[in-house]
Amino acid sequence: VIEGTLSPDSYYVGPGDGFLITVWGKRNEHFQSYVTPEGKLLIPQISEIMVGGLTIEELRGRLTEEINKYFLDVRVDATLIQLRQFQVYILGEVARPGGYPARAVDRVSQLVDRSGGLLPDGSARAIEILRDGAISSYADLIRFNVDGDLDHNPFLRDGDVVLVRHRSEEISIDGSVRVPGPFEFRAGDSAGTLVRLSRGFQPDALVSEVELVRFNVDQFTTSST
């Protein structure tokens, strides 16, 4: 199931994607073409055009540029008609780590679900997406569930490795908020982050009297501001 409408600016083309290519103007035709394992589209009577790694919008521009070298005054469009499938991996604190089939419209949360979900001590807020051996981005599924910001739930790409580490630290909020309790801490969190995680203040909250309490170095006594 595809969530919403595909954005031509965010879908990256890869081997196995199928397109309906439409050419009109002084020359009118349409045909289907599929991205080869080398990342190319075969355009009849012209050549193979490298498109792997482009967004759909960039692909349209590339096709227009190349086809106009052979046929003047034509317009070109490309419509995605088949989504490719590839393998991704999820490791760490999930019920069933391993490799899973995915498509370029799948997000980290869907891979977590397919792997049986997070283990009780798995981090939901600092999930690493490894691409070409380096951390490409992070997923914060708590923030995604709270405010629906898709930036916290990235798309998957070919060969991605998703790593769920052990949850380490927690912060807590109590009082006149909608969902009081402990939350996983992530570097960079502020008091405002904690309020958002707790779904905001209750109508009767005295916002001017918010108190921040921290444990001291001895881990027994506290100080407040």
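Two strands pair if DSSP finds at least two bridges between them. Helices (H or I, at least four residues) and strands (E, at least two) are DSSP runs, numbered from the N terminus. Keep both rules in mind for this predicted model, where local features need pLDDT of at least 70, side-chain atom pairs count only at pLDDT 80 or more, and totals for chains, interfaces and linings use all residues. Residues are numbered from 1 along each chain as its sequence is written, and side-chain values use heavy atoms, with hydrogens and water left out.

Start with the sheet. Three strands form an open sheet in the order E2-E1-E5, and their pairing is antiparallel. Strands E2 (29-34) and E5 (74-82) are the edges, each pairing on one side only. On average, neighbouring strands here are turned by 20° against each other, direction ignored. Such angles run from 0 to 180 degrees between N-to-C directions, and axes are lines fitted to C-alpha atoms, for helices over the stretch in contact.

Now look inside the sheet. Strand E1 (residues 18-25) pairs with E2 over six bridges, in the antiparallel sense. Thr22 has His30, in E2, as its bridge partner. Helix H1 (residues 56-67) packs on the sheet and touches E1 and E5. Its direction makes about 140° with that of E5.

Move on to Gly122. This residue sits in the loop between helix H2 (108-114) and strand E8 (127-131). Is Gly122 buried or exposed? Gly122 is buried, because its relative accessible area is 4%; buried means under 20%, exposed over 50%, partly exposed in between (1.4 Å probe, protein chains only). Leaving aside neighbours within four places in sequence, Gly122 is in contact (heavy atoms within 4.5 Å) with Glu93, Val164, Arg165 and Arg167. Gly122 and Arg167 are 45 residues apart in sequence, yet 5.2 Å apart in space, C-alpha to C-alpha.
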